Amino acid sequence: MAEPRFGRLLTAMVTPFTADGELDLPRAQELALRLLDQGTEALVVCGTTGESPTVFYDDKLRLFEAVIEAVGERAPIIANAGDNCTDDSVEFARKVVQLGVDAVMAVVPYYNKPPQEGLYRHFGAIASAVDVPVVLYNIPGRSVVNLEAATTLRLATDFENIVAVKEASSNLSQIAAIIGGAPDGFEVLSGNDEDTLPMMGLGATGVISVASHVAGPRMAEMLRAQAGGDHTRALKIHLELMPLFKALFMTANPIMVKKALELCGFPVGGTRLPLIPANDQQTAEIARIMRHIGLID
């Protein structure tokens with residue numbers, strides 16, 4: 001495998017909040033550095049895991065600035081700039097790029113259920129408005145509409161700065177079609193931790209991970225092993241971590257990963273409504289799994 005543009009282990013970073021629900025920018029900076037120290041190679045800021053629907057534009061800009069300040073040149077910063085309105089996405093992406101991010105990510109517009117031609121024009125408008133790489137984000141479980149392989153490949157071919165897709169469809173046939181038909185240099189990244197190993201077997205370059213918040217070194221080892229041809233080692237780690245992958249999504253993300261960070265001794269605050277904290281049963285289960293696989297005592 002060629003060396004990927006942003007690295008193999010990218011983390012979809014949670015957004016820390018204070019006890020009263022405000023942005024906790026110092027904690028966000030500490031978290032960014034902690035993730036890099038534990039094997040993360042690039043940060044995706046204020047995506048789904050970062051609670052983007054409840055972090056408004058001005059606060060997103062403050063969050064991006066804080067992470068850029070903390071990280072400096074250590075790792076690429078990918079800012080989630082996409083929304084379900086094309087004009088808003090274009091305007092916001094332009095503002096984000098002025099901060100000095102390394103790339104922007106844009107999700108399939110949610111709720112309004114655009115046809116494939118609408119998706120092509122939406123992502124094309126964003127890509128045409130900025131001079132940094134653009135990562136597409138396909139997550140039909142949340143956005144309802146699937147970004148089909150033909151549309152992804154059309155965008156990858158027609159726009160030089162559309163350089164990757166975060167695929168969270170779990171549709172391996174679709175993913176294989178994208179990898180097989182993509183122009184040189186276009187990357188497919190797993191959007192689900194549990195799909196990472198099978199997707200890399202098809203030619204994906206890595207993952208935009210949630211589990212790396214608490215299992216970064218082992219995720220990094222798994223990716224290195226798989227990319228280096230030690231598939232037996234990679235599979236062993238994958239199977240060891242599979243209970244964690246499942247547990248982190250027993251309820252809506254990022255409820256459980258924020259609880260997992262708290263259990264690791266690195267609290268990042270709660271979630272904003274309509275998301276709610278993990279209940280006692282969920283907390284007990286994630287703690288049991290983390291103890292079982294050696295992440296906490």
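A polar contact is a pair of N or O atoms within 3.5 Å, where within protein one atom must be able to donate a hydrogen and the other to accept it, and where residues adjacent in sequence count only if both atoms are side-chain atoms.

**Entry 1: ground rules**

I am reading a predicted model, in which local features need pLDDT of at least 70 and side-chain atom pairs count only at pLDDT 80 or more, while totals for chains, interfaces and linings use all residues. Residues are numbered from 1 along each chain as its sequence is written, and side-chain values use heavy atoms, with hydrogens and water left out.

I looked up the polar contact between the side chains of Thr205 and Glu187, and its length is 3.1 Å. Thr205 is in the loop between α8 and β8, where helices (H or I, at least four residues) and strands (E, at least two) are DSSP runs numbered from the N terminus. Thr205 counts as buried because its relative accessibility is 11%; buried means under 20% relative accessible area, exposed over 50%, and partly exposed in between, with a 1.4 Å probe and protein chains only.

I then turned to Thr40, in the loop between α1 (25-37) and β2 (42-45), whose side chain makes a polar contact of 2.6 Å with the side chain of Thr11. Thr40 has a relative accessible area of 6% and is therefore buried.

**Entry 2: strand β8 and its neighbours**

Are the faces of strand β8 covered or open? I found both covered in this strand of residues 206-209, with Gly206 and Ile208 buried on one side and Val207 and Ser209 buried on the other. Strand β1 (residues 9-13) runs parallel to β8 and is joined to it by three bridges, two strands being paired if DSSP finds at least two bridges between them. Leu10 has Ile208 as its bridge partner in β8.

Strand β7 (residues 187-190) also pairs with β8 in the parallel sense, over two bridges, and here Ser190 stands opposite Val207. I noted that β7, helix α8 (residues 196-202) and β8 make a right-handed β-α-β unit, right-handed meaning that, with the strands pointing away from the viewer, the path from the first strand over the helix to the second runs clockwise.

**Entry 3: strand β3 between two partners**

In strand β3 (residues 77-80), Ile77 and Ala79 point one way and Ile78 and Asn80 the other way, and all are buried. Three bridges join β2 to β3 in a parallel arrangement, with Ala79 as the bridge partner of Val45. The chain passes from β2 through α2 to β3 in a right-handed β-α-β crossover.

β3 and β4 likewise pair in the parallel sense over three bridges, and Ala79 has Val104 as its bridge partner in β4. The crossover from β3 through α3 to β4 is a right-handed β-α-β one.

I checked Val90, placed in helix α3 (residues 86-98), and it counts as buried because its relative accessibility is 11%. Val90 and Ala127 are 37 residues apart in sequence, and their C-alpha atoms are 8.5 Å apart in space.

Asp87 lies in helix α3 too, but Asp87 is exposed, since its relative accessible area is 60%.

**Entry 4: backbone angles**

Most residues other than glycine have a negative phi, and most peptide bonds are trans. Against that background I noted Cys46, whose phi is positive, near 65°, and which lies in the loop between β2 and α2. Cys46 is buried, because its relative accessible area is 0%. Lys113 also has a positive phi, near 50°, and sits in the loop between β4 and α4 (116-129); Lys113 is exposed, since its relative accessible area is 55%.

The bond from Leu273 to Pro274 is cis with omega near 15°, in the loop between α11 and α12 (280-292) for Pro274.
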